[in-house]
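Hi everyone, thanks for having me. Today I'd like to walk you through how two parts of one chain meet.

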Amino acid sequence: MTSIELDHDLIREGLSEEEIRALQPEVDRCHQTLTQGSGAGNSFLGWLHLPSRTADKPLADIEQVARELSECSDALVSIGIGGSYLGARAGLSFLGKGAEGGMEVHFAGHNLSTDHLADLFDHLEGQDVCVNVISKSGTTTEPALAFRLLRQWLIARYGDREAARRIVVTTDREKGALKQWADAEGYRTFVIPDDVGGRFSVLSPVGLLPLAAGGVDIRALMEGARQQEALALATSAFERNPAALYAAIRHGLRKKGKTIEILATFHPAFHYLQEWWKQLAGESEGKEGQGLFPASVEYTTDLHSLGQWVQEGPRNVFETFLRLAAPGRRIEIPTLQNDPDGLNYLAGQTIDHVNDQAFLGTRAAHLEGNVPNMTITVARRSPAALGALFYFFEYAVAMTGYLMGVNPFDQPGVELYKKNMFRLLGKPGQGKG
Ligand code: PA5
């Protein structure tokens, strides 16, 4: 069993055990709403059973296409934004060398920076390249522009026919410009299920194809997610469902004025998982005046930066530590003659031991500074642990959204910037800039 442990002992300064227990009936109700599909946004619950209901054939198809792409390419450019981008990036950075044997994967279409794109084109010179463009709506400006440019680049380099062989489109079954374009050009396509929204789509072809191309064992990943699904959907009892407990604590702390959750880690491998989590939580919960502000820090780096704010800034914050029980490798501290740097007292210890003491010291200091905290621990950086983490957070965020009384599966607030931008750009039908 791929276990995710939640240690909430140090949350007590913010929320007592009694207060947590009092939330159990509310959580039970929301769990039923979620699992019976009777709540707001219930046409977007396909993610709930993706791990257990994804059959062998779709996984084999993804693996096959990933293999074919890697046979003709050194690098894949994965084009997408938000939920169509962050999951794969999170997975590849979490696994690091654990995803060996795959292609280099680059990401584009998640910003409008000229320099970012120009640098990417420079980097791709001399490499054989393929592209996976991912957009559920098929109309999002950032990935659409990146795809227009990368497609042109592929055609200029390989010609129409070979470029088409190097392009894979992941999009809606039938809607959107991308789908029509893919059909017209004969690009290979993967379908994003109708009932799976962007930020809950990492365990669909959206995340799985770039992960497989990057060398990740997607079957092990799905198995880890499946075990977590079984655990989370079996019961909402806090003792047996840590994701439900985590959601309850987040909701309870928010009600008591802790409006910022900092997802903190002492392992840079978690960096993009933090980014993925911020998008998942921010877009799912931040509406109707609700929602925790999801922030992230990377210690010990940020102990020399944001650490001061966390220790002594406004007290509307709590911390959730993401922890690895064991690093993949071991680095021992050497002894130096004459002890010039005064570090011989650590000789023979591992860097990880020092990191762990920094973690223990930090969480105690922050608790003293009135920042209650909890710790989510995974055993190691494996595809199964990654799958479990994805599902754990998806369930917890959906649950927190329901506890807060919002629809976790829509994002009405992202439309206004687009409207303004289109007006300024003079998009036909949008009024004058
Ligand atoms: O979670 C979401 O729904 C969003 O973040 C989308 O993933 C993001 O806006 C990209 O949308 P699309 O895949 O339609 O291009």
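Let's start with a term: domain bounds here come from an automatic or database domain assignment. For this chain, that assignment gives domain 1 (4–39 + 221–413) and domain 2 (47–216). Their C-alpha centres lie 29 Å apart. Where they touch, with contact meaning heavy atoms within 4.5 Å, domain 1 gives 35 residues and domain 2 gives 29 residues.

A word on the source: this is a predicted model, with local features needing pLDDT of at least 70 and side-chain atom pairs counting only at pLDDT 80 or more, while totals for chains, interfaces and linings use all residues. Residues are numbered from 1 along each chain as its sequence is written, and side-chain values use heavy atoms, leaving out hydrogens and water.

So how much area do the two domains bury between them? About 2,800 Å², with 71% of it on carbon and sulfur atoms. Buried area is the accessible area (1.4 Å probe) that two parts lose on being put together, summed over both. On the domain 1 side, M222, Y272 and E394 lose the most area to domain 2, together 25% of what that side buries.

Now for charges. The rule finds 1 salt bridge across this interface, where a salt bridge is a side-chain nitrogen of Lys or Arg within 4 Å of a carboxyl oxygen of Asp or Glu.
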